Amino acid sequence: MIDAAADIVAGRTLADYRMDLVMRLAVERCVEIVSEASRHVPPDAKTRFPSVPWSEIAAVGNKLRHEYNRIDDLILWKIATVSLPELRPIIAAILSEASAG
């Protein structure tokens, strides 16, 4: 879903995002799925990457599900364009370690 979110926002601007309900809903869903998946990252993996805000990643899913009327477009845009791309190599490393071990 990280790659899907990247594909959705590629070549687009925050203004585009704000004007496109379908894009906003798609990004929100990708973020929600990443949030839920983060809850299944093993504790030892989370410990190896202490700079990742694991609890915030998990919490954003709850906000999307229960506080959807208070979602800030700028925050979701930054998650999709900055935070998820930064998270991608860490998740790739975790998955690589899991498949090797």
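**Exercise 1. Describe the largest pocket of this predicted model and state which helices line it.**

Step 1: the largest pocket holds about 440 Å³ of space, where a pocket is an open set of points on a 1 Å grid over the protein atoms alone, at which a 1.4 Å probe fits, with protein on both sides within 12 Å along at least five of seven lines.

Step 2: among its 22 lining residues (an atom within 4 Å of a point), those closest to the centre are Glu56, Ile57, Val60, Ile79 and Ser83.

Step 3: α3 (21–38), α5 (54–66) and α6 (73–100) each supply at least two lining residues, and α6 gives the most, with eight; helices here are DSSP runs of H or I, at least four residues in length.

The model is predicted, so local features need pLDDT of at least 70 and side-chain atom pairs count only at pLDDT 80 or more, while totals for chains, interfaces and linings use all residues. Residues are numbered from 1 along each chain as its sequence is written, and side-chain values use heavy atoms, with hydrogens and water left out.

**Exercise 2. Identify the residues closest to the centre of the second largest pocket.**

Step 1: about 230 Å³ of space lies in this pocket.

Step 2: of its 14 lining residues, Ala37, Ser38, Val41, Ile91 and Leu95 are the closest to the centre, and α3 and α6 each supply at least two residues of the lining.

**Exercise 3. List the contacts of Trp54.**

Solution: leaving aside neighbours within four places in sequence, Trp54 is in contact (heavy atoms within 4.5 Å) with Ser38, Val41, Lys46, Phe49, Leu87, Ile90, Ile91 and Ile94.

Conventions: Grid points are joined across faces, edges and corners, and a volume is the space filled by probe spheres set on the points.
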